[in-house]
Amino acid sequence: MPQPPAQQRLLNLVDQLRQQIAQQRDGACRQPRFDAQLFRCKGTRLADYLLELEQNVAQLFAVDTDVARRQWLAEKVLDQIAALQRECQSQQLRTSRERPRVDPRQQKREEYLGYETRLLAMIQQREQHLAKAETLSVQQQLIREVEVLHERLARCRSALHKLELSSSTR
């Protein structure tokens, strides 16, 4: 049975919000993000509020809901959607103090992965220069640089491994 156009548009809006929230870092904030009258949820992650919105949408479409409650719920759902859209769009404008807290281990992991990527690029670059080097002294210098970069890469990967071990034991 096809859904009415208004119901389908509402579901599309919720789906777009779900995608926007999935694309953002959604760490826990220090305080609830919205007023208690707008969301009952006490969580501090956007996904927590999205879950409440989805529950309200399901309740709105429930057959046994009376007309007055359905009208009140429709207004609340629209207000919740607007608030979540504004919050998604304003994430980049927040000061670092207001931004969601990110798991420090995940932050460290991303940092190490960035180092690993840059080290691999540097090794590849030096090896390409080595293949084109004409003098012995330049070749020896590039070989030393490649060896040093491989050592740094090994330390980086070791740090990544230790981080993964420490997070898997918790």
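**Figure 1. Salt bridge between arginine 109 and glutamate 164 in the predicted model.** Arginine 109 and glutamate 164 form a salt bridge whose closest N and O atoms are 3.8 Å apart. Arginine 109 belongs to helix α4 (residues 104–132) and glutamate 164 to helix α5 (residues 136–168), so the pair ties together parts that are 55 residues apart in sequence. Both partners are partly exposed: arginine 109 has a relative accessible area of 29%, and glutamate 164 has a relative accessibility of 38%.

**Figure 2. Salt-bridge network of Asp15, Arg18 and Glu54.** Bridges with shared partners join these three residues into one network. Aspartate 15 pairs with arginine 18, with the closest N and O atoms 2.7 Å apart; the two residues are three positions apart in helix α1, a separation of about one helical turn. Arginine 18 also forms a salt bridge with glutamate 54, again with a closest N and O separation of 2.7 Å. This second pair links distant parts of the chain, with glutamate 54 in helix α2 and arginine 18 in helix α1, 36 residues apart. Relative accessible areas are 31% for aspartate 15, 36% for arginine 18 and 25% for glutamate 54. In the whole structure, a search finds six salt bridges.

**Figure 3. Packing of helix α1 against helix α2.** Helix α1 (residues 5–22) and helix α2 (residues 46–60) pack at an angle of about 170°, and their axes lie 11 Å apart. Helix α1 is therefore roughly antiparallel to helix α2, and the crossing is left-handed. Contact residues of α1 include Leu10, Leu11, Val14 and Arg18, and those of α2 include Leu50, Leu53, Glu54 and Val57. By class, the contact comprises eleven nonpolar, no polar and two charged residues.

Methods
Residues are numbered from 1 along each chain as its sequence is written. This is a predicted model: local features need pLDDT of at least 70, side-chain atom pairs count only at pLDDT 80 or more; totals for chains, interfaces and linings use all residues. Side-chain values use heavy atoms; hydrogens and water are left out. Axes are lines fitted to C-alpha atoms, for helices over the stretch in contact, and angles run from 0 to 180 degrees between N-to-C directions. Helices (H or I, at least four residues) and strands (E, at least two) are DSSP runs, numbered from the N terminus. Angles under 35 degrees count as roughly parallel, over 145 as roughly antiparallel, 65 to 115 as roughly perpendicular and the rest as oblique. A crossing is left-handed if the near helix is turned anticlockwise from the far one by less than a right angle, and right-handed if clockwise. Contact means heavy atoms within 4.5 Å. Ala, Val, Leu, Ile, Met, Phe, Trp, Tyr, Cys and Pro count as nonpolar, Asp, Glu, Lys and Arg as charged, and the others, Gly among them, as polar. A salt bridge is a side-chain nitrogen of Lys or Arg within 4 Å of a carboxyl oxygen of Asp or Glu. Buried means under 20% relative accessible area, exposed over 50%, partly exposed in between (1.4 Å probe, protein chains only).
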